[in-house]
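Subject: Structure handover

Hello,

Here is the structure for you to take over. Please open it first, then read my notes below.

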Amino acid sequence: MGRKKIALVGAGMIGGTLAHLAAMKEMGDIVLFDIAEGMPKGKALDLAQAGPVEGYDAGLKGTSDYADIAGADVVIVTAGVPRKPGMSRDDLLGINLKVMKAVGEGIKANAPDAFVICITNPLDAMVWALREFSGLPHNKVVGMAGVLDSARFRHFLAEEFNVSVEDVTAFVLGGHGDTMVPVIEYSTVAGIPVPDLIKMGWSTQERIDAIVARTRSGGGEIVQLLGNGSAYYAPATSAIAMAESYLKDKKRLLPCAAHLTGQYGVDDLYVGVPVVIGANGVERVVEIALNEGAKANFDKSVHAVQELLVACKGLEPSLA
Ligand code: APR
């Protein structure tokens, strides 16, 4: 059995981190694609030279030619521009929509059998557009947001409760934006739901509300601190978890931006919901019961994504 092939479209901050993680985990041979000419080749060479020290065997190639992604098992897309301080994810729409068109066509022509994970923002709209431009089956195209948003929530909860992050599970649904929905009823420490932990005196509703608010603006907090770019370590790790679930048929249940066809009362939209990822891509969309407040927030989130799609269709008539 030959090695798997992982193509990273966009070799910037997240792309480079993805390549490093994929190499360290020996997930397969790695292609770093970017419109910038030398940079992907330089990163590939640098990472290849780390191999002898770290002891990983992975082919690493940098390229600006879509032909090099041919036959990829997984394609992870970060091509586009990231946020600068003061910008919302939605401000990136116009530029990144054009990028999705080029990338979608590149995937369609060269890697139509791949499992595609989109990271480019504004996520829920870009993954929808990428799917449209690529023409791939909906179950083979997903967006990475929920794993990251949940990881942020888990980190803050673990700090609050002073327990290991390993034992904290958390759910964040909805769009990857200010309307995302951290669901505390389904967030636990070793199975004990957060509302029970509040009753047990581990925290207060006010403190949990503040953590929910901080999770919602978790990406923006990092954009402010970095000054010229957005987060990349945690986003890359989150996408790698999704890729591994596909490549190893782990069937993990992960919150991802997935295509809905009536679930949660939503049709033909990508939005963050729990899904099972296995060898067939998105194998199941899990419909959990949401309480009234969470449902209202979820609907608000869906509405925000819908508005972005209207904007996309206005900018790119072929999507209408
Ligand atoms: N095709 C391929 N690569 C492209 C294209 C294109 N049409 N347009 C831009 N790129 C490349 C840029 O050259 C750059 O190297 O995409 C890369 C993006 O990398 P960074 O600017 O470092 O951005 P990064 O932090 O990796 O974030 C990428 O993910 O989280 C989102 O909001 C973020 O949309 C942004 C994306």
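Threonine 169 has threonine 188 of β8 as its bridge partner. This is a predicted model: local features need pLDDT of at least 70, side-chain atom pairs count only at pLDDT 80 or more, and totals for chains, interfaces and linings use all residues. Residues are numbered from 1 along each chain as its sequence is written.

**The sheet**

Strand β7 (residues 168-173) and strand β8 (residues 181-189) run antiparallel and are joined by 5 bridges. Helices (H or I, at least four residues) and strands (E, at least two) are DSSP runs, numbered from the N terminus. Two strands pair if DSSP finds at least two bridges between them. Leucine 173 stands opposite valine 181 in β8. On to the next pair: β8 and strand β9 (residues 192-193) are antiparallel too, with 2 bridges. Here threonine 188 faces proline 193 of β9. The hairpin of β8 and β9 has 2 residues between the strands, and alanine 190 in it takes a positive phi near 45°.

Put together, the order is β7-β8-β9, an open sheet of 3 strands with antiparallel pairing. β7 and β9 are the edge strands, each pairing on one side only.

**The annotated domain**

UniProt, in an unreviewed entry, gives residues 148-304 as "domain: Lactate/malate dehydrogenase C-terminal". UniProt positions follow the numbering used here, feature names are shortened, and annotations may be inferred rather than shown by experiment. The span 148-304 is 44% helix and 28% strand, and its end C-alpha atoms lie 19 Å apart.

**Helix α8**

Which residues of α8 (residues 218-226) are buried? They are Gly218, Gly219 and Val223. They sit on the same side of α8 because they cover an arc of only 140° around the axis. That arc is taken from the directions from the helix axis to the C-beta atoms. Buried means 20 or more other C-beta atoms within 10 Å of a residue's own, exposed means 12 or fewer, and partly exposed lies in between, with C-beta atoms placed from the backbone.

The buried residues of α8 pack against α5 (146-161) and α7 (205-216). The face turned away from the buried side carries the exposed residues Gln224 and Leu225. After α8 comes glycine 227, with a positive phi near 90°.

**The binding site and the ligand**

The unreviewed UniProt entry places a "binding site" at several positions, among them Gly10, Met13, Gly15, Asp34 and Asn121. Two of these are worth a look.

Methionine 13 is in helix α1 (residues 13-24). Methionine 13 counts as partly exposed because it has 18 other C-beta atoms within 10 Å. Beyond four places in sequence, methionine 13 is in contact (C-beta atoms, placed from the backbone, within 7 Å) with Gly229 and Tyr232.

Glycine 15 is also in α1. Glycine 15 is buried, so what is its count of C-beta neighbours inside 10 Å? The count is 25. Leaving aside neighbours within four places in sequence, glycine 15 contacts Leu8, Gly10, Leu32 and Thr78.

Around the ligand there are 28 residues, of which Gly10, Gly12, Ile14, Ala79 and Asn121 come nearest. A residue is near a molecule if its C-beta atom, placed from the backbone, lies within 6 Å of it. α1 and α3 (93-110) each supply at least two residues of this shell. α3 gives the most, with 4 residues. The shell divides into 16 nonpolar, 10 polar and 2 charged residues. Ala, Val, Leu, Ile, Met, Phe, Trp, Tyr, Cys and Pro count as nonpolar, Asp, Glu, Lys and Arg as charged, and the others, Gly among them, as polar.

Best wishes

Note on methods: Contact = placed C-beta atoms within 7 Å.
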